[in-house]
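The following exercises guide the reader through a single protein chain. Each task is followed by a solution worked out in steps.

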Amino acid sequence: MKTQRRRLLLALAVLHVGPLAHAAGAPLVEVWKSPTCGCCKDWITHLEANGFRTKVHDSGNNAMRSRVGIDVKYGSCHTALIGGYALEGHVPAREIQRLLKERPAAIGLAVPGMPVGSPGMDGPDYGGQKDPYDVLLLRKDGTALTYQTYR
């Protein structure tokens, strides 16, 4: 009887810890943003809803953007790092997952500006409006190519 009870308790403990172990193994996205930017907070919520962990620095992103080598023409309101790659702007979680799977030789991904309808720019205030935008793959030579198009 004691053995069965021990097994049951162990099984319940594993079931309870399982989701925590999964969260601990989730990829970490480190984000630099302004402390007052609401759309940045919404983008972070989008990432967390899609299985990413986040660490946020409310110190602005200009210095980090420059440090990782992203040209200001690809700039947006936040810069992030994940798995050796930089992310600039409202990059969808789906494209980040693809980037981590494919592992191209690149600086990372960017969604320049703040297109309405992109993750973080898609809340109720925008009334369902969606602007077309591209997710760019930023190459190490300073050029970029379209990684994914959203229309």
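**Exercise 1. The largest pocket**

Which residues line the largest pocket? State also how much space lies in the largest pocket.

Solution. The model is a predicted one.
Step 1. The lining consists of Pro 92, Val 116, Gly 117, Pro 119, Asp 122, Lys 130, Asp 131, Pro 132, Tyr 133, Tyr 150 and Arg 151.
Step 2. The space in the largest pocket comes to about 170 Å³.

**Exercise 2. The order of elements**

Describe the secondary structure of the chain and the reach of its contacts.

Solution. 
Step 1. Four helices and seven strands make up the count for the chain.
Step 2. Along the sequence, they follow the pattern α-β-α-β-α-β-β-α-β-β-β.
Step 3. Consider contacts between residues at least 6 apart in sequence: 55% of them join residues at least 24 apart.
Step 4. The chain has 151 residues, of which 38% count as buried.

**Exercise 3. The nonpolar cores**

Identify the residues with the most contacts inside the largest nonpolar core, and the elements that contribute to this core.

Solution. 
Step 1. The largest nonpolar core has 22 residues, and Val 29, Trp 43, Leu 87, Ile 96, Leu 109 and Val 135 have the most contacts inside it.
Step 2. Two or more residues come from each of strand S1 (28-33), helix H2 (38-49), S3, strand S4 (85-89), helix H4 (93-102), strand S5 (108-111), strand S6 (133-138) and strand S7 (144-150).
Step 3. Another core, of seven residues, lies apart from the largest one; Tyr 74, Ala 86, Leu 136 and Leu 138 are among its members.
Step 4. Beyond four places in sequence, the contacts of Val 135 include Pro 92, Leu 109, Val 111, Leu 145 and Tyr 147.

**Exercise 4. His 90**

Where is the place of His 90? Determine which backbone oxygen its side chain approaches.

Solution. 
Step 1. His 90 is located in the loop between S4 and H4.
Step 2. Its relative accessibility is 0%, so His 90 counts as buried.
Step 3. From a polar atom of the His 90 side chain to the backbone oxygen of Pro 119 the distance is 2.6 Å.
Step 4. Pro 119 also belongs to the lining of the largest pocket.
Step 5. Among the residues that His 90 touches are Trp 43, His 78, Val 111 and Met 121.

**Exercise 5. Arg 103**

Solution. 
Step 1. Arg 103 lies in the loop between H4 and S5.
Step 2. Its phi is positive, about 50°, although Arg 103 is not a glycine.
Step 3. With 44% relative accessibility, Arg 103 counts as partly exposed.

How values were computed. Residues are numbered from 1 along each chain as its sequence is written. This is a predicted model: local features need pLDDT of at least 70, side-chain atom pairs count only at pLDDT 80 or more; totals for chains, interfaces and linings use all residues. Side-chain values use heavy atoms; hydrogens and water are left out. On a 1 Å grid over the protein atoms alone, a cavity is a set of points where a 1.4 Å probe fits but cannot get out, and a pocket is an open set with protein on both sides within 12 Å along at least five of seven lines; lining residues have an atom within 4 Å of a point. Grid points are joined across faces, edges and corners, and a volume is the space filled by probe spheres set on the points. A nonpolar core is a set of buried Ala, Val, Leu, Ile, Met, Phe, Trp, Tyr and Cys residues joined through side-chain atoms within 4.5 Å. Buried means under 20% relative accessible area, exposed over 50%, partly exposed in between (1.4 Å probe, protein chains only). Contact means heavy atoms within 4.5 Å. A polar contact is a pair of N or O atoms within 3.5 Å; within protein, one must be able to donate a hydrogen and the other to accept it, and residues adjacent in sequence count only if both atoms are side-chain atoms.
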